Amino acid sequence: MATGETGFSDVVFDLISVQYHSLKAGHDYGQYVRDAENAGRTEIADFFRTVMAQDSERAAQCHEFLKQLSGTVDAGPAAG
């Protein structure tokens, strides 16, 4: 499995990246929900809640994959 400059496999790096961005976006969407609610746009607030839930699921799936890779040679230098 290829490793980038970090010493971690590309797959591990990619999973961490997707997890980080999903969690960050989920944090930001909370403000979007409040903005839509404050504007009286319930349908848009519900849309943002749906997007937030999807990102939360995506982050959780990344976490599960990372747990599977933990302790394996594919996990990178921290595994050894």
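I began with K67 and E64, which both lie in helix α2, three residues apart and about one turn of the helix from each other; helices here are DSSP runs of H or I of at least four residues, numbered from the N terminus. Their side chains meet in a salt bridge at 3.3 Å, N to O, where the term stands for a side-chain nitrogen of Lys or Arg within 4 Å of a carboxyl oxygen of Asp or Glu. I noted K67 as partly exposed at 48% relative accessibility and E64 as partly exposed with a relative accessible area of 36%; buried means under 20% relative accessible area, exposed over 50% and partly exposed in between, with a 1.4 Å probe and protein chains only.

Before going on, I wrote down that this is a predicted model, in which local features need pLDDT of at least 70 and side-chain atom pairs count only at pLDDT 80 or more, while totals for chains, interfaces and linings use all residues. Residues are numbered from 1 along each chain as its sequence is written, and side-chain values use heavy atoms, with hydrogens and water left out.

I then looked at α2 as a whole: the helix covers residues 42-69, 28 residues in total, and reaches 41 Å from its first C-alpha to its last, close to the 40 Å expected at 1.5 Å a residue (the expected span is 1.5 Å times one less than the number of residues). After α2 comes G71, whose phi is positive, near 85°.

Which residues of α2 are buried? I listed A45, V51, D55, A59, C62 and L66, and the buried residues of this helix pack against α1 (10-38), with contact meaning heavy atoms within 4.5 Å.

D55 held my attention, since the residue is buried with a relative accessible area of 7% and also forms a salt bridge with R58, the closest N and O atoms being 3.0 Å apart. Both lie in α2, three residues apart, and R58 counts as partly exposed at 40% relative accessibility. An α-helix has 3.6 residues a turn, so residues three or four places apart point the same way.

In α1 I found D28 and K24, four residues apart, about one turn of the helix, joined by a salt bridge whose closest N and O atoms are 3.0 Å apart. D28 is partly exposed, with a relative accessible area of 25%, and K24 is partly exposed as well, at 38%.

Lastly, I searched the whole structure and recorded five salt bridges; E37, D46 and R49 are linked in a network of them.

Key:
Helices (H or I, at least four residues) and strands (E, at least two) are DSSP runs, numbered from the N terminus.
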